[in-house]
Amino acid sequence: MSYTQPELGYAFNALEPHIDAATMELHYSKHHKAYVDKFNAAVQGKNEDSLKLEQLFAGMDKLSADLLPAVRNNGGGAWNHTEFWKWMTPNDAQKQIPDHVKSAIDASFGSLDKLKEQFSDAAATVFGSGWAWVIRTADGKLKVTKTANQENPLMNLPTIADRGTPILGLDVWEHAYYLKHQNRRPDYISAFWNVVNWQYVGSLLK
Ligand SMILES: [Fe+2]
C-alpha cells in the first residue's frame with residue numbers, strides 16, 4: 001500500500017497574487033511528487049509499507065538505520081506538503097477564523113497578532129531549509145516551533161525540540177518562494193497570511 005499524493009484541491013493559479021502559479025506547479029508536481037515517489041520506493045516490500053506516515057514518525061526511534069533517512073526526508077516531505085496544501089485556500093469563507101481557534105490562540109499567545117509575530121519570526125529564522133509550525137502539545141496548549149529540512153513535530157527524533165500535533169505549518173525552503181520573491185523570505189511569509197485556511201486549522205483543533 002503505497003502513499004498517494006492527494007489532489008491539490010485548487011488550481012495552481014488559485015492563490016495568486018499571494019502565491020504564484022509557477023511556484024505552485026513546480027512545488028506540487030515536482031518537489032512534492034519526488035518526496036512521495038522516493039518514500040514509496042524506500043518502503044516497497046517492507047513491513048513499514050503497511051503503516052501510516054504518522055505511525056512511522058511516532059516510531060522513528062525504532063526504525064532501522066537504512067530506513068530512517070527515507071522516512072525522515074521523503075516521508076516527512078510527503079506528509080508536510082500534503083498538509084501544507086490544505087493549510088492554504090483561495091476561498092474567503094475558509095479564511096474565516098472559527099471561534100474555538102480564536103479562543104485557543106488568545107489563551108496561548110494573547111492575540112492573533114502575537115501568534116503571527118512569533119510564527120513569522122520562527123519562519124524567518126529557520127537557518128537554511130525547514131518549516132515553521134504551530135503545534136498542539138500534549139498539555140493542550142498551542143506553541144510555535146520550527147524544524148530543519150523535512151522533519152516535523154510528529155517525529156520521535158532527538159532533533160525535534162517540541163513534539164506535538166501540527167495545526168499550521170509553513171514551508172520555508174527556497175523552492176517555496178524563490179521564483180517570486182528570490183531571497184526575500186519575509187515577503188513570502190507576509191503573503192502566506194493572506195491565504196491561510198483557518199477553517200482547516202479549526203478542524204485539526206477539535
Ligand atoms: Fe516544499
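These legends go with a set of close-up views of one predicted protein model. Residues are numbered from 1 along each chain as its sequence is written. Because the model is predicted, local features need pLDDT of at least 70 and side-chain atom pairs count only at pLDDT 80 or more, while totals for chains, interfaces and linings use all residues.

**View 1. The whole fold, to get your bearings.**
The protein has eight helices and three strands; helices (H or I, at least four residues) and strands (E, at least two) are DSSP runs, numbered from the N terminus. The C-alpha trace spans about 45 × 40 × 30 Å along its principal axes. Of the 206 residues, 33% are buried. A residue is buried if 20 or more other C-beta atoms lie within 10 Å of its own, exposed if 12 or fewer, and partly exposed in between, with C-beta atoms placed from the backbone. Among contacts with a separation of 6 or more, 69% involve residues 24 or more positions apart; two residues are in contact if their C-beta atoms, placed from the backbone, lie within 7 Å.

**View 2. Helix α1 against helix α3.**
Two packed helices are described by the angle between their axes and the distance between the axes. Helix α1 and helix α3 (residues 68–86) pack at about 135°, with axes 8 Å apart, which makes α1 oblique to α3. Axes are lines fitted to C-alpha atoms, for helices over the stretch in contact, and angles run from 0 to 180 degrees between N-to-C directions. Angles under 35 degrees count as roughly parallel, over 145 as roughly antiparallel, 65 to 115 as roughly perpendicular and the rest as oblique. The crossing of α1 and α3 is left-handed, meaning that the near helix is turned anticlockwise from the far one by less than a right angle; clockwise would be right-handed. On the α1 side, look for His32, Tyr35, Val36, Lys38, Phe39 and Ala42; α3 brings Ala70, Asn74, Gly75, Gly77, Ala78 and His81. The residues of this contact divide into six nonpolar, five polar and one charged. Ala, Val, Leu, Ile, Met, Phe, Trp, Tyr, Cys and Pro count as nonpolar, Asp, Glu, Lys and Arg as charged, and the others, Gly among them, as polar.

**View 3. Helix α5 against helix α7.**
Helix α5 (residues 112–124) packs with α7 at an angle of about 145°, their axes 10 Å apart. The crossing of α5 and α7 is right-handed. Ser120, Ala123 and Ala124 of α5 meet Arg185, Pro186 and Ile189 of α7. Four nonpolar residues, one polar and one charged make up this contact.

**View 4. Isoleucine 105 in helix α4.**
Isoleucine 105 belongs to helix α4 (residues 99–109). With 22 other C-beta atoms within 10 Å, isoleucine 105 is buried. Leaving aside neighbours within four places in sequence, its contacts are Leu112, Leu115 and Leu142. Lysine 143 is 38 residues from isoleucine 105 along the chain, and their C-alpha atoms are separated by 9.3 Å.

Tyrosine 10, in the segment before α1, is partly exposed, with 15 other C-beta atoms within 10 Å. Its C-alpha atom is 7.7 Å from that of proline 90, 80 residues apart along the chain. Serine 203 sits in helix α8 (residues 198–204) and is partly exposed, having 13 C-beta neighbours inside 10 Å. Serine 203 and valine 101 are 102 residues apart in sequence and 9.3 Å apart from C-alpha to C-alpha.

**View 5. Backbone details to look out for.**
Most residues other than glycine have a negative phi, and most peptide bonds are trans. The peptide bond from glutamate 16 to proline 17 is cis, with omega near 0°; proline 17 is in the segment before α1 (21–43). Asparagine 149 has a positive phi, near 50°, and lies in the loop between β2 (142–148) and β3 (165–171). Asparagine 149 is partly exposed, with 17 other C-beta atoms within 10 Å. Glutamine 182 also has a positive phi, of about 50°, in the loop between α6 (178–181) and α7 (185–192). Glutamine 182 counts as exposed, with 11 C-beta neighbours inside 10 Å.
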